[in-house]
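Reader: I would like to go through this model with you before I set anything up. Could you please bring it up on the screen?
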Amino acid sequence: MRGVCVSILCVSVFLRSAISQPPTESDTYTECTDGYQWDSQTQHCKDINECETIPEACKGEMKCFNHYGGYLCLPRSASVIPAPDPPSQPGTNLESTAREPFNPCPLGYEPQGDSCVDVNECERDEHDCQPSQQCINTPGAFTCQCPDGYRKVGTECIDIDECRYRYCQHRCVNVPGSFSCQCEPGFQLAGNNRSCIDVNECDMGAPCQQRCYNTYGTFLCRCDQGYELGPDGFTCNDIDECSYSSYLCQFQCVNEPGKFSCQCPEGYQLLGTRLCQDINECETGEHQCTEGQNCVNIHGAYQCVDTNRCQDPYVQVTDNRCVCPVTKPACRDLPFSIVHRYMSITSERSVPSDIFQIQATSVYPGAYNTFRIRSGDDNRDFYIRQINNISAMLVLARAVTGPLEYTLDLEMVSVNPLLSYQTSSALRLSIYVGPYAF
């Protein structure tokens, strides 16, 4: 029996009675027991080195160790120390040529001629390096070197966690034998693969619908005037300015994409951006009055009135003045003259409101003048406030909403008590109330 020690563990292996087996019967006997083969040169059975003849005899991290008549699969870190041969037993046929030759050289060297040369354990596969390690021959020995990114602890290669050394600016991801740097959203790796630089998302197709502003590590979306940023932070929604206030426009507010505009009713035009102004069709020529008519502009429209509005028994003396001759009996109880005037007012005027002043054109010494509304004010919407002996003011007493039309006969009565004389004249005022408060 020959013993084999592995590290501190000794493995005993039962060997055959000799290194080689001679034939037991005759020189023609060539059969050997398992683990041996016939050697025709020595005429003996020779041990088979299964570690060389069997492909991949040991798997994984195990190493094959040959011994007489078989082989062992042991860890690569195991050391095999051959036990000394037992003393020869009587009857055995051991030959001195089977013993290992004497090696006068130090460990790791072998004799070559008269000198000792280094044994390259790496080339002879006489090392215990693991498959992941690189065997490096050294004088008289060898070393097992770990790949980059690993460090050797005992006989094992342990991954180095490079992330502990803060190589990365943002995030470090350790991988076996190496590491990689990653950046936070909004950044990208610089050329050194460690630092992080800002990404200009605006130049890379940021999803902003209108305006994009790059900031450090991110970006902001902004909208044009008249729009507001949606809940997603990217889209811009139109602001309905008209819904915020009823005072943006004097008449009607029209919302448009990104803005609003003001519109005026027919007969009006926009003054500035929000006010409405009456169009004077009589001045612009946009009327259809005939030659026998006069064009009278009113709020939002116009009126065509006959040039001669005098009715019998009155006769026309000028374009707007009619006289009732005293020679006609029918004129006795009528105003001597009627002057036609036209005016237009807006709806919903604050009241009381002075709207028209009456002025006497002829003044007689010693005469007393009084003013009154002779006709046309059936609803008592107006009244007269006399200012002095020759003038008075027509006052709107109640708020009115158009379109309406009044025809008021405003009469001035003149009385001279010394001469026992009384006369009167009238002003026929056509008042047109527009449909709007402007």
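Reader: To begin with, which cysteine forms a disulfide with cysteine 249?
Author: Please keep in mind that this is a predicted model. In it, cysteine 249 is bonded to cysteine 262, with 1.9 Å between the sulfur atoms.

Reader: And what is the handedness of that disulfide?
Author: It is left-handed, because the torsion about the S-S bond of cysteine 249 and cysteine 262 is about -75°. The pair links distant parts of the chain, 13 residues apart. Cysteine 249 sits in the loop between strand 21 (236–238) and strand 22 (252–256), and cysteine 262 belongs to strand 23 (residues 259–263).

Reader: Buried or exposed, those two cysteines?
Author: Cysteine 249 has 6% relative accessibility and therefore counts as buried. Cysteine 262, at 9%, counts as buried too.

Reader: How many disulfides does a search of the whole structure find?
Author: The search returns 20. One of them connects cysteine 32 with cysteine 45, at an S to S distance of 1.9 Å. This link is left-handed, with -90° about the S-S bond.

Reader: What does the pair of cysteine 32 and cysteine 45 tie together?
Author: Cysteine 32 is in the loop between strand 2 (9–13) and strand 3 (36–39), while cysteine 45 is in strand 4 (residues 44–47), so the bond ties together parts that are 13 residues apart in sequence. Cysteine 32 counts as partly exposed because its relative accessibility is 25%, whereas cysteine 45, at 4%, counts as buried.

Reader: Turning to annotation, which residues does UniProt list as EGF-like domains?
Author: The UniProt entry, which is unreviewed, gives 118–158, 159–197, 198–237 and 238–277. Over residues 159–197, the model has 0% helix and 41% strand, with the end C-alpha atoms 29 Å apart. Over residues 238–277 there is 0% helix and 45% strand, and the end C-alpha atoms are 29 Å apart.

Reader: In what sense do strand 32 and strand 35 pair?
Author: They are antiparallel, with seven bridges between strand 32 and strand 35 (residues 404–416). As an example, arginine 372 has glutamate 411 of strand 35 as its bridge partner.

Reader: Which residues touch the most other members in the largest nonpolar core?
Author: They are Ile355, Phe356, Phe382, Leu394, Leu410, Leu429 and Ile431, within a core of 21 residues. At least two core residues come from each of strand 30 (337–345), strand 31 (353–359), strand 33 (382–386), strand 34 (391–396), strand 35 and strand 36 (421–433). A separate core of seven residues includes Cys310, Cys322, Cys324 and Cys331.

Reader: What does phenylalanine 382 touch?
Author: Leaving aside residues up to four places away in sequence, its contacts include Ile355, Ile373, Leu394, Tyr406 and Ile431, as well as Asp377.

Reader: Back to the cysteines: which residue forms a disulfide with cysteine 310?
Author: Its partner is cysteine 322, and the sulfur atoms are 1.6 Å apart. The torsion about the S-S bond of cysteine 310 and cysteine 322 is about -90°, so this disulfide is left-handed. Cysteine 310 lies in the loop between strand 27 (301–306) and strand 28, and cysteine 322 lies in strand 29 (residues 321–323), 12 residues apart. Both cysteine 310 and cysteine 322 are buried.

Key: Residues numbered from 1 in each chain as written. Predicted model: local features only at pLDDT ≥ 70, side-chain atom pairs only at ≥ 80, totals over all residues. Heavy atoms only, no water. Pairing = 2+ DSSP bridges. Helix = DSSP H or I, 4+ residues; strand = E, 2+ residues; numbered from the N terminus. UniProt positions renumbered as here; feature names shortened; annotations may be inferred. Core = buried A, V, L, I, M, F, W, Y, C linked by side-chain atoms within 4.5 Å. Buried < 20%, exposed > 50% of the residue type's maximum accessible area, 1.4 Å probe, protein only. Contact = heavy atoms within 4.5 Å. Disulfide = S-S within 2.5 Å.
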